[in-house]
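Here are my notes for your first read-through. Please keep the viewer open as you go.

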Amino acid sequence: MARELGAPRSPDARSTVVGVIGSPIRQSLSPLLHNAAFGALGVNWVSLAFEVVPGQGQVAAALGGMRSLGVAGLSVTMPHKAEVAALVDTCTEVAARLGSVNCIINEGGQLRGANTDGDGFLASLRRAAEFDPTGKRCLVVGAGGAARAVVYALAQAGAADVAVVNRTAPKAEDVAALAGSVGRAVPSADAAQIAQADLVVNATSVGMAGVGPGTASVADDWLVSPALFHAGQVVTDLIYAPRVTPWLEAARDSGATTVGGLGMLVHQAAAQITLWTGLVAPVDVMWQAATQAA
Ligand code: ATR
């Protein structure tokens, strides 16, 4: 009987093991995405989820276990990305610049840290909206870890302008600096600025399932109002649960092209598959697994 898409194959003594570490981890879609890819590739690899609690040296211990057990790769999620960046033996240029690792590659006991969030973000926009950042004006709302990856990626991909707006203004300055000469923090985005943007990104947690608004209504927390969007703009939300956030729904009503956050999740995982196996990731199969689960 054919295995269910994304179901781990029965591991055996020859299986290559990868996984995801984070806390809490039980809601993670990463093993499902990885296992869907391994199934489609026909390789004897299996991905598991490991709860690694913060503090007490647990992350360092997990990396030690990775070395001694020969775990081939780990995906890293909240809240360990920065700590892992400081613990791995080497980092890719992007991971070092961001101070954040979302993927560890075990190279014969040497642990290399990478960050595929930015590439996943760009690939998602390319696939869903044929968006190429070269020469484009971008407005990023939020200044957390996800915003950092996005701002850096947009600048590296040739954006002409990357404006960052955040509830806590000083954090926007730090994040905008990642974009070098094209980055700038804006205390609040005015109507003209919003209208001129080719791309608007929500990188805040406002609208995320299970996260209540800071104020009475979720719309009160939107730092950039979707009512100001228009046709010809690409508007994306990094949140993938719900699939269509209230902000994206309003952006769609304004005529903008909207892109949900699931694509970034799939594409950052696809990039991890390639880093671990050296194979081209079966993105369509991973998409199918993600949409079935989401
Ligand atoms: P992630 O790693 O997913 O980016 P994070 O680092 O916790 O998560 O960042 C969350 C982002 O959402 C921040 O930009 C945060 O703004 P502050 O820097 O001011 O905290 C933003 N955010 C969270 N709740 C918000 C709210 N109610 N209104 C506006 N912004 C909010």
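1. Start with the source. This is a predicted model.

2. Now the ligand. Of the 14 residues around the ligand, the nearest are Ala 143, Asn 166, Arg 167, Thr 168 and Lys 171. By class, this shell holds eight polar, three charged and three nonpolar residues.

3. Thr 168 places a polar side-chain atom 2.4 Å from an oxygen atom of the ligand. For Asn 166, a polar side-chain atom is 2.7 Å from a ligand oxygen. Ser 205 uses its backbone instead: an N or O atom there lies 3.3 Å from an oxygen atom of the ligand. On its own, the ligand has 650 Å² of accessible area, and the protein covers 74% of that.

4. Move to Thr 116. It sits in the loop between β6 (110–114) and α5 (117–129). Is Thr 116 buried or exposed? Thr 116 counts as buried, because its relative accessibility is 3%, and buried means under 20%. Leaving out residues up to four places away in sequence, Thr 116 touches Asn 102, Gln 268, Ala 271, Gln 272 and Leu 275.

5. Finish with the cysteines. The disulfide count is zero. Cys 91 is in no disulfide, and the nearest cysteine sulfur, in Cys 103, is 11 Å away. Cys 103 is buried, at 0% relative accessibility. Cys 91 is partly exposed, at 29%.

Conventions. Residues numbered from 1 in each chain as written. Predicted model: local features only at pLDDT ≥ 70, side-chain atom pairs only at ≥ 80, totals over all residues. Heavy atoms only, no water. Helix = DSSP H or I, 4+ residues; strand = E, 2+ residues; numbered from the N terminus. Buried < 20%, exposed > 50% of the residue type's maximum accessible area, 1.4 Å probe, protein only. Contact = heavy atoms within 4.5 Å. Near = heavy atom within 4 Å. Polar contact = N/O pair within 3.5 Å; in protein donor to acceptor, adjacent residues only side chain to side chain. Areas by Shrake-Rupley, 256 points an atom, 1.4 Å probe, with all protein chains shown as cover. Nonpolar A, V, L, I, M, F, W, Y, C, P; charged D, E, K, R; others polar. Disulfide = S-S within 2.5 Å.
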